[in-house]
Amino acid sequence: MRPTGMRTAKATAAALVTIPFVLGGPASQSHAQDASPSPSGTFGPGCSALSQKASTVKDKVVEAAAAYPQLSQLVSAAVRAKLSGALDGRPDVTVFAPNDQAFQQVTVSQLASLLSNQGRLKKVLTYHVVDKQITPDELSNGSFTTVEGSKLTTSGSGTEFKVNGKANIVCGNIKAANATIYVIDAVLQPPS
């Protein structure tokens, strides 16, 4: 168990270091030619650009997300909001995980404001989580209640799906021990 704890600690530390880069300037971009093959069972145009070091099927959701460098902003925000234990403790969840490019679309002042308000940050992040595992078959015309309490919708077909009509699922059906992860290209905002 010690290697997993060390890996989680390293991932958390790496994620926390990333916040200043987002607030101070552009984060580094990943390059598709450097990416590992996409994990089996996944779909979407962005899977080849997701690089990961190892299989995440045995990892709880936050550690699984930390294995993907392109999700470092999300992991950092989850740690800052003190959500790691709550998310990892749930038996079956689906996470619509904004990638780092999604966080880059948020203005620096909006992101700084969000990161400095733990209650608001927790509300926004839990709006990306549904308390059940959603299969790709359920995405074509889905309506789901999030952990935050509001509704989230999905639409599309084949391998092209949208969340709330605006965020594209760029890589879907990534498996973790207690979760299914769908990487999206926008940060979702819960209804006011």
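1. Let's start with a strand pair: strand 1 (residues 93–98) and strand 2 run antiparallel and share two bridges. Helices (H or I, at least four residues) and strands (E, at least two) are DSSP runs numbered from the N terminus, and two strands pair if DSSP finds at least two bridges between them. Thr94 has Val130 of strand 2 as its bridge partner.

2. A word on the basis: this is a predicted model, where local features need pLDDT of at least 70 and side-chain atom pairs count only at pLDDT 80 or more, while totals for chains, interfaces and linings use all residues. Residues are numbered from 1 along each chain as its sequence is written, and side-chain values use heavy atoms, with hydrogens and water left out.

3. Do have a look at Ile184, which belongs to strand 7 (residues 179–184). Ile184 is buried, with a relative accessible area of 0% (buried means under 20%, with a 1.4 Å probe and protein chains only). Beyond its neighbours within four places in sequence, Ile184 is in contact (heavy atoms within 4.5 Å) with residues including Phe96, Pro98, His128 and Ile169. Its C-alpha atom is separated by 7.2 Å from that of Cys171, 13 residues apart along the chain.

4. Finally, the contact of helix 6 with helix 7 involves Leu114, Leu115 and Ser116 of helix 6, and Gln118, Arg120, Leu121 and Val124 of helix 7.

Methods
Buried < 20%, exposed > 50% of the residue type's maximum accessible area, 1.4 Å probe, protein only.
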